[in-house]
Amino acid sequence: MRRKVIAGNWKMNMLPNEAIDFVNALAPLVKDSKNEVIICVPFTDLFYTLLTVQDTNIHVGAQNMHWKENGAYTGEVSADMLKCINVEYVIIGHSERRQYFNETDETVNLKVKQSLAKGLKPIVCVGESLEEKEAGKTIEVITSQISKALDGLTLDDLSNTIVAYEPIWAIGTGKTATADDANDSIKAIRNEIKSKFGTDDISILYGGSVKAENAKELFTMSDIDGGLVGGASLKADSFSKIVNFDK
Ligand code: PGA
């Protein structure tokens, strides 16, 4: 369902005590927001974070999972493991996972399907590299990635899915896509989803150096439904300003 969503991606940052302090600081700052607030935290913070968000409007996600049910996959975490402690969301296919941990369109698709089968809601990431952008391949790359990532999903699955467009060259670099460029890319993703499923009733977020200063310009574009925020999601104060972009 299309709605405004602001999701934080803490990456490999924050210890459990810091996660608890963060939630306690953030909750009063965002309690009146109509936008959906999600924080995607490291595995070791999940349990503490979930306990601390009770009675708030903050939702919690993981940053990765394996697509297999269980078995000899040392170091991996399954969808059931996340679901049984009440994790609601899971980021799938972040460019750092694709780049450093060999995730492919195929494994991304397996993870997306498994997350949905287990009742988790995936936040599916796509985005082009600088090289691809400079070669004029942005739209080709991202429409192909989204088509493969969502392959085999039902309409019901789609209604439980969020997409994030994150140009790789904009992540953690301080370089943000212009609001017009981000909107054009997201429009292309939306059209691809519409041609595949007959509907584009899905939230598509922008990610890549989102901060309090640029959130409003980006999130009020016609096709952008909010953001996936890395660096600026690590402080309750800056993250709350992004959540409250419309205040
Ligand atoms: P950034 O990261 O906001 O620090 O650029 C975004 C992301 O990787 O999700």
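A residue counts as buried here when its relative accessible area is under 20%. By that cut-off, 53% of the 247 residues of this protein are buried. Do keep in mind that you are looking at a predicted model. Below is a quick tour, starting with the overall fold and then turning to one pair of helices.

**Overall build**

- The secondary structure of the protein comprises 11 helices and 8 strands.
- With a radius of gyration of 17 Å, close to the 18 Å that the globule rule gives for 247 residues, the protein is as compact as a globular protein of that length.
- Taken along the principal axes, the box filled by the C-alpha atoms is roughly 45 × 45 × 30 Å.
- If you take the contacts between residues at least 6 apart in sequence, 73% of them join residues at least 24 apart.

**How helix 7 and helix 9 cross**

- Helix 7 spans residues 138–149 and helix 9 spans residues 179–197; their axes come within 9 Å.
- The two axes cross at roughly 40°, and because angles under 35 degrees count as roughly parallel and 65 to 115 as roughly perpendicular, helix 7 and helix 9 are oblique to each other.
- The crossing of helix 7 past helix 9 is right-handed.

**Who meets whom**

- Helix 7 contributes Thr138, Ile139, Ile142, Thr143, Ile146 and Ser147 to the contact.

Notes
Residues are numbered from 1 along each chain as its sequence is written. This is a predicted model: local features need pLDDT of at least 70, side-chain atom pairs count only at pLDDT 80 or more; totals for chains, interfaces and linings use all residues. Side-chain values use heavy atoms; hydrogens and water are left out. Axes are lines fitted to C-alpha atoms, for helices over the stretch in contact, and angles run from 0 to 180 degrees between N-to-C directions. Helices (H or I, at least four residues) and strands (E, at least two) are DSSP runs, numbered from the N terminus. Angles under 35 degrees count as roughly parallel, over 145 as roughly antiparallel, 65 to 115 as roughly perpendicular and the rest as oblique. A crossing is left-handed if the near helix is turned anticlockwise from the far one by less than a right angle, and right-handed if clockwise. Contact means heavy atoms within 4.5 Å. The radius of gyration is taken over C-alpha atoms; the globule rule is 2.2 Å times the number of residues to the power 0.38. Buried means under 20% relative accessible area, exposed over 50%, partly exposed in between (1.4 Å probe, protein chains only).
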